[in-house]
Amino acid sequence: MSAGRRALVAFSGRAALWWLRLLKPGFRHCLVAIQDPAGWIVIDPLSHRTEVDLLPLPPDFDLAAWYREAGLIVVDTVTRQAPLRPAPWRPYSCVESVKRVLGIQDGRVLTPWQLYKFFRLEGKKALTAGGN
C-alpha cells in the first residue's frame, strides 16, 4: 500500500475475549480502513481471523461519521512509508496489524489506547469527542 493514502483507525470498547476487558474501556479493539478509488478497504484483525472487505461506497460517503454513529472512536490519518527494515517483533494483535498496514514501526505501541495516544501525540485530530 502506497504512502499518503487517507486512513481511518476505529477503536471499539467491545471485548469478545474476557482478557480484553483488562484493557482501557473504549479501547479494546481497533481496525483500519484505507480510502481507495473503489471505496474503502477495511482490515479488521480479529483474534481468530483477519477480515478484509472492500466497501464500494461513493466518494462523498462519510465513513468516519458512520463509525462514530456505531459508537466507535475514530482517528483520521494517512499511510506512511515504513523504514526498509524489519518491524520490531511483537505478538500479533489488532494493534500490530493496524500499525503494519499504516507503516508505523513504534515498538512501544502495544495496546489500542497507546495507538490512540500515538496519533494524538502525532498531532492528528480525533474525529470524536471523548476517549481523553
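Predicted model: local features only at pLDDT ≥ 70, side-chain atom pairs only at ≥ 80, totals over all residues.

**Entry 1: helix α2.** I began with the buried residues of α2, and they pack against β1, β2, β3 (39-45), β5 and α3. For contact I take heavy atoms within 4.5 Å. Helices (H or I, at least four residues) and strands (E, at least two) are DSSP runs, numbered from the N terminus. Residues are numbered from 1 along each chain as its sequence is written, and side-chain values use heavy atoms, with hydrogens and water left out.

How many residues of α2 are buried? I find 7 of its 9, so to speak a mostly covered helix; buried means under 20% relative accessible area, exposed over 50% and partly exposed in between (1.4 Å probe, protein chains only). The buried residues are C94, V95, E96, S97, V98, K99 and L102. Just after α2, I noted that G103 has a positive phi of about 85°.

**Entry 2: the sheet.** Next I traced the strands. They form an open sheet of 5 strands in the order β4-β3-β2-β1-β5, paired antiparallel; a pair needs at least two bridges between the strands in DSSP. β4 (50-55) and β5 are the edge strands, each pairing on one side only. Neighbouring strands are turned by 20° against each other on average, direction ignored. Between the antiparallel β1 and β5 I found 6 bridges, and A10 stands opposite V74 in β5.

**Entry 3: helices over the sheet.** I then looked up the crossing angles, using axes fitted as lines to C-alpha atoms (for helices over the stretch in contact), with angles from 0 to 180 degrees between N-to-C directions. α2 lies across β1, β2, β3 and β5 and runs at about 20° to β2. α3 lies across β1, β2 and β5, at about 140° to β1.

**Entry 4: the cores.** A nonpolar core here is a set of buried Ala, Val, Leu, Ile, Met, Phe, Trp, Tyr and Cys residues joined through side-chain atoms within 4.5 Å. The largest one has 21 residues, and V9, F11, C30, V32, L102, L115 and F119 have the most contacts inside it. β1, β2, β5 (73-78), α2 (94-102) and α3 each give two or more residues to this core. The largest share, 5 residues, comes from α3. I also found a second, separate core of 11 residues, which includes L8, A33, V42 and Y67.

**Entry 5: aromatic rings.** I counted 7 aromatic pairs. Rings of Phe, Tyr and Trp (its six-membered ring) pair if their centres lie within 6.5 Å; planes under 30 degrees apart are stacked, over 60 edge-to-face and the rest tilted. F27 and Y116 have ring centres 4.9 Å apart and planes at 45°, so this pair is tilted. F27 sits in the loop between β1 (6-12) and β2 (29-36) and Y116 in α3 (residues 112-122), so the pair ties together parts that are 89 residues apart in sequence. Both F27 and Y116 are buried.

W113 and Y116 are a stacked pair, with 5.7 Å centre to centre and 25° between the planes. Both lie in α3, 3 residues apart, about one turn of the helix, and both W113 and Y116 are buried.

What do F11, F27, W113 and Y116 form? They make up one aromatic cluster. Leaving out residues up to four places away in sequence, F11 touches others including F27, C30, V75, L115, Y116 and F119.
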